[in-house]
Amino acid sequence: MTVLEGGKISGRQFMAVLIVLRAVPLTLVFSLISNANHVQDVWITVIIGAAVTIPFAVLVTKLSLKFPGKTIIEYSQILLGPVIGRLLGLVILWCFLCTSIDITRGLGEAYVIAIMPETPIYAFMIMLAIMSCYAARSGLEVTCRLGEDVFYVLVFVLLLTYMLPYNAMRFENLRPILAWGVSNLVPPIVANLGYYSQFLVIGMLVPYLNKPEDATRYAIYAVLISGVLMALAAVALVAVFGPTANSWTLPLFSLSRMISLGDFFERIEAAVMAAWTLSTAIKLSLLFWAISLTIAQLFNLKAFEHLMYPLGAITVALSLSFFESMVDLEDFLAKAGAMSSILVAGLTLALLYAALGVRTVIRRRKGGSG
Amino acid sequence: MRVRRYMRVWAFLAIVPVVLSVTGCWSRREIEDIGFALSIGVDHAAEEGEIMITVHIAKPFAISTGVTGAVDEKPFWQVSSTGHTVFEAWRNLRQQCPRRPLLHHSRFIVFGEEFARGGIREAIDFFSREGEVRETNTVVVAKGVKASEVVWNEFELERMPAEGALGIMKIAVQELSTTVMVTLNDFLQMLETEGHEATTSRAELVRRPPSEDPRGELKRETISVSGRETGAAAFKGDKLVGWLDKTQTRGLQWVKGKVRSGIIVIEQPEEENKLASIEILRADSTVTPKISNGHPSILIRVGALGNLGEVQEYFDPMESQETWTSMERRMAEVIRHEIEAALDIAKLEFDSDIFGFGAEICRKYPKEWTDLKDKWDEEFPKLDVEIEVEASLRRSGLTRRSMRVVRNEGG
């Protein structure tokens, strides 16, 4: 059988693309804060989210390490048999596709809302899709190398955005903490875990690491770093906007508009928009790569590069028709979308580990009898 | 050959979108087609239930002051427009404005007194929702007049009204502390924070009748109506309830720890009818709420540092340490009076918690606050507020003792 993807990525690139993967909704809509009733507690929900995600990421990685050189699509067929395994593969595929639809629409909406309300949204979405398809066609290595660079740019821009509005910050806005009961933490945690469940893509990446044994470590780093980036975002947003922090459609964009240093260093939203575009493009090309590889492995195709452009077209078309409006999109991201991806990720993992357990037991018995 | 022909077709098809898109983006705006509105004022219109906005729009061709000297033309144009909502009024401006007006560079959002007394809720949403308006705009209420009159106040030292007003605002906040500078972001937060009522700066008209003495006039015109930023407007909910004068405003700023500088005038110790000025260097404050037996109380601690700036009678600090400390005491006393003045008007006249004491209680006692917040209107005027001021004088300027005036009566 021909090797579909021959690229190898380093541990740091693996970590970088995972962080970019998580940071994309953060740079656009920050569902954690827009769904919080009491914004003071959001940074706590980030910590809880990271605490739940680390075991998840470790489990996905460990599972992949048990099947060296095989993606989650391949070994689920080994574990669950060709029929159920393929069905599970289709569900995962659907999840990846949904995510790429969300973010394509999200970036388009962000552009239209923030700066160019008259421009038709598909203008941005098509450009984004072409860019991402082009990168994804060149293989995983290219996407991940690019992803590492984008990661540095992203961290730089985010830290700048968090720190520079310091003259508008009032840290007393962060109090009181946890004053309204734990039930208020649920919606932001759901939104957070919804995005983190996209870390299922680890199952596609681990076989292509040049040192797969590093995967666990870097997966944990990815959760921690993205957690820190989000916690800082929550703190900066609440310090600057106080109780109005959950009213903004594009919180980080609005935050960057507050930057005004000495009457000359202002209007640096362009940097935030660059961060949106770059990180969304990387995330999308990673997802396009994962989707095409999934399709190829599900249906035993010999190559997967040719799927990219049609896939891009489908994504743009679906993202235009999926959501009526920005409100619709945000509602989906925070509720139905988040819940369903948590469900898929959790069930996938449970199912695969159950199958693994059963297999081990059967093997042991066979070994015992034979 | 066939292959090459196909390639050409493809290349042509690929070039078309590129060529179409290099002409500029869809939402492009040429600088020649734009009019930058620098302040926007909101009033009730003459028609019942309509809103009038007034903007002043920069005239770029009249701003340039090249080698040829100043341009005589007024560098801005003030224009009003009405509509049922702020957004409609803003769009209706296009009936009169030959260039597309934009709010990207606006500095001020001004509410007329009458409008603010009726509540600004119906007008404020536009400013946070519309992407053109920055949250760093300063919110101002015009005292006694419509916003339309204040928006284009001219100033002698700046050509643009908004730049002039912004200059005054910044300097007054830095060096006088007798006004507040409230950005749109601050204002929205104060409106939304429980137990913290909003305040904004207060803009007034200053009338300076033209001089009778046009001495040596070659070409000279004075601005007879100008602006002043002083004091503060106090809100309760979204409604303007009254004004703080300069003293009360500085009282408010002491409590909020926002006094930057300013002059405190005290009576000079050991002299009769002589005054001394103290320049405030910096100040800080802590507001500590306490709840005992269900009754809230507030402790305000203010620390202030000052320099002796001026005395009206001979003074040598080396002669008596006592005089120096007595000056510090008097400085603390003035600060206390200013705070009390602000407290009194807020409690007794406005019944509006412009200091954010309720918010402080909410931060420290969130559970108790849930019961307290519904009756905060009754509790706030009865609130026990303890004020501790610690003032210290640091330096006495370039002179240690004053210069003496020696009377030589005999000869």
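Across the interface of chain B and chain A, four salt bridges are found in this predicted model. One pair is B:R100 with A:E118, whose closest N and O atoms lie 3.0 Å apart. With a cut-off of 4 Å between a Lys or Arg side-chain nitrogen and a carboxyl oxygen of Asp or Glu, this pair therefore counts as a salt bridge. Polar contacts across the interface of chain B and chain A come to 12 residue pairs, with both residues at pLDDT 80 or more.

On the side of chain B that touches chain A, helix 8 (184-192) and helix 11 (357-364) of chain B each supply at least two residues. Helix 8 of chain B has the largest share of that side, with five residues. By residue class, the side of chain B that touches chain A holds 10 charged, nine polar and six nonpolar residues.

The size of an interface is often given as the accessible area lost when the parts come together. For chain B and chain A that area is about 2,300 Å², with 47% of it on carbon and sulfur atoms. The contact involves 22 residues from chain A and 25 residues from chain B.

The chain is divided into domain 1, made of 29-212 and 220-244, and domain 2, which covers 246-411. Taken over C-alpha atoms, the centres of domain 1 and domain 2 of chain B are 32 Å apart. Their contact takes 26 residues from domain 1 of chain B and 25 residues from domain 2 of chain B.

Between them, domain 1 and domain 2 of chain B bury about 2,000 Å², of which 55% is on carbon and sulfur atoms. Of the area that domain 1 of chain B buries against domain 2 of chain B, 28% comes from B:S177, B:E194 and B:L244, more than from any other three residues.

B:E194 also takes part in a salt bridge with B:K373, at 3.3 Å from N to O. Three salt bridges are counted between domain 1 and domain 2 of chain B. The polar contacts between these two domains number 15 residue pairs, both residues being at pLDDT 80 or more.

Helix 7 (161-175), strand 8 (225-236) and strand 9 (239-244) of chain B are the elements that give two or more residues to the side of domain 1 that touches domain 2. Strand 8 of chain B gives the most to that side, with six residues. The residues on the side of domain 1 of chain B that touches domain 2 of chain B divide into 11 nonpolar, 11 polar and four charged.

Note on methods: Residues are numbered from 1 along each chain as its sequence is written. Chains are lettered from A and ligands numbered from 1 in the order in which they are written. This is a predicted model: local features need pLDDT of at least 70, side-chain atom pairs count only at pLDDT 80 or more; totals for chains, interfaces and linings use all residues. Side-chain values use heavy atoms; hydrogens and water are left out. Contact means heavy atoms within 4.5 Å. Buried area is the accessible area (1.4 Å probe) that two parts lose on being put together, summed over both. A polar contact is a pair of N or O atoms within 3.5 Å; within protein, one must be able to donate a hydrogen and the other to accept it, and residues adjacent in sequence count only if both atoms are side-chain atoms. Helices (H or I, at least four residues) and strands (E, at least two) are DSSP runs, numbered from the N terminus. Ala, Val, Leu, Ile, Met, Phe, Trp, Tyr, Cys and Pro count as nonpolar, Asp, Glu, Lys and Arg as charged, and the others, Gly among them, as polar. Domain bounds come from an automatic or database domain assignment.
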